[in-house]
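Here is a short note to read beside the model. Please keep the sequence and the 3D view open as you go.

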Amino acid sequence: MQQSKTARQIQKAAEALFAEQGFSETTMRQITTAAKVNLAAVNYHFGSKQGLIESVADKYVAPFVGHLQDAVCTTRYTHQGTTVATEELLEMLMRALLKVHQTNGHALAIFSRLLDLSYVPGQDEFRVFLTSKYRESLDDFILLLRQDAAPMHDDEFFWRIHFLLGSMIFTLNNYRVLAGLGGSKDDEDIEVERVLHRMIPVLTAGFLARPESTFVSRI
């Protein structure tokens, strides 16, 4: 269903604040001030701040998942049942992120903050929202990753997935600062593509690194 002009106005203001400050740090007062509406308008259109966050999540996660699903279907057809390399799968992931970024400059910041929010204690409702709505759509991608990591035990695979997501959250949250520290003077779109590309070999190597056969304290 198409949003009303007021709902679009509220969500646009919220997106800018969420991208800059984060979800927990952004207050309803800041949102209503930026959108030039009262609190009743936000509650009418979104029900609550949680409802507004979920609406923003849908705007960014749904197209990302759609792009990734399309890439998975194409890759499965071209590989004809053979294993797809982790590096190729992560490249598909980064290309899906880049496509969403190209439609909205807030995309990477909001996407990384959504992932970050899903790990925050007390955000069970948001985790349920994300998993119930999008987990099934991501299962094929996860299955392809699991197939290339076949010798890995399930518990190790679980931790590697979350280490990978943690690295992505940090990099996407801070890519502007990192680019500045690196002395880059490139256009932002070029720098974003470069950062996403640079993550692929590092994430691949970490994801597929040989696990310890026995626990040894390195401290």
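The points below go through the model, its pocket, its salt bridges and some loop residues.

1. **Ground rules.** This is a predicted model, in which local features need pLDDT of at least 70 and side-chain atom pairs count only at pLDDT 80 or more, while totals for chains, interfaces and linings use all residues. Residues are numbered from 1 along each chain as its sequence is written, and side-chain values use heavy atoms, with hydrogens and water left out.

2. The unreviewed UniProt entry lists residues 4–64 as "domain: HTH tetR-type". UniProt positions follow the numbering used here, feature names are shortened, and annotations may be inferred rather than shown by experiment. Residues 4–64 are 80% helix and 0% strand. Helices (H or I, at least four residues) and strands (E, at least two) are DSSP runs, numbered from the N terminus.

3. **The largest pocket.** Its volume is about 880 Å³. Leu 115, Arg 135, Leu 138, Ile 161 and Leu 165 are the closest to its centre, out of 27 lining residues. On a 1 Å grid over the protein atoms alone, a pocket is an open set of points where a 1.4 Å probe fits, with protein on both sides within 12 Å along at least five of seven lines; lining residues have an atom within 4 Å of a point. Grid points are joined across faces, edges and corners, and the volume is the space filled by probe spheres set on the points.

4. **Its lining.** Which helix gives the most to the lining of the largest pocket? The answer is α7, with nine residues. At least two lining residues come from each of α4 (49–79), α5 (86–103), α6 (107–117), α7 (124–148) and α8 (154–181). By class, the lining has 22 nonpolar, three polar and two charged residues. Here Ala, Val, Leu, Ile, Met, Phe, Trp, Tyr, Cys and Pro are nonpolar, Asp, Glu, Lys and Arg are charged, and the others, Gly among them, are polar.

5. The whole structure holds ten salt bridges (a side-chain nitrogen of Lys or Arg within 4 Å of a carboxyl oxygen of Asp or Glu). One of them joins Glu 15 and Lys 59, at 3.0 Å from N to O. Glu 15 is in α1 (residues 5–21) and Lys 59 in α4, so the pair ties together parts that are 44 residues apart in sequence. Glu 15 is buried, at 2% relative accessibility. Lys 59 is partly exposed, at 39%. Buried means under 20% relative accessible area, exposed over 50%, and partly exposed in between (1.4 Å probe, protein chains only).

6. **More bridges.** Asp 124 pairs with Arg 127, with the closest N and O atoms 2.2 Å apart. The two sit three residues apart in α7, about one helical turn. Asp 154 and Arg 146 form a salt bridge at 2.8 Å, N to O. Asp 154 is exposed at 58%, but Arg 146 is buried at 18%. Shared partners also link Glu 191, Arg 194 and Arg 198 into one salt-bridge network.

7. **Loop residues.** Is Ser 118 buried or exposed? Ser 118, in the loop between α6 and α7, is buried at 13%. Lys 36 lies between α2 (28–35) and α3 (39–46). Lys 36 is not a glycine, although its phi is positive, about 60°. Gln 80, in the loop between α4 and α5, is not a glycine either and has a positive phi of about 50°. Lys 36 is exposed at 73%, and Gln 80 is exposed at 60%.
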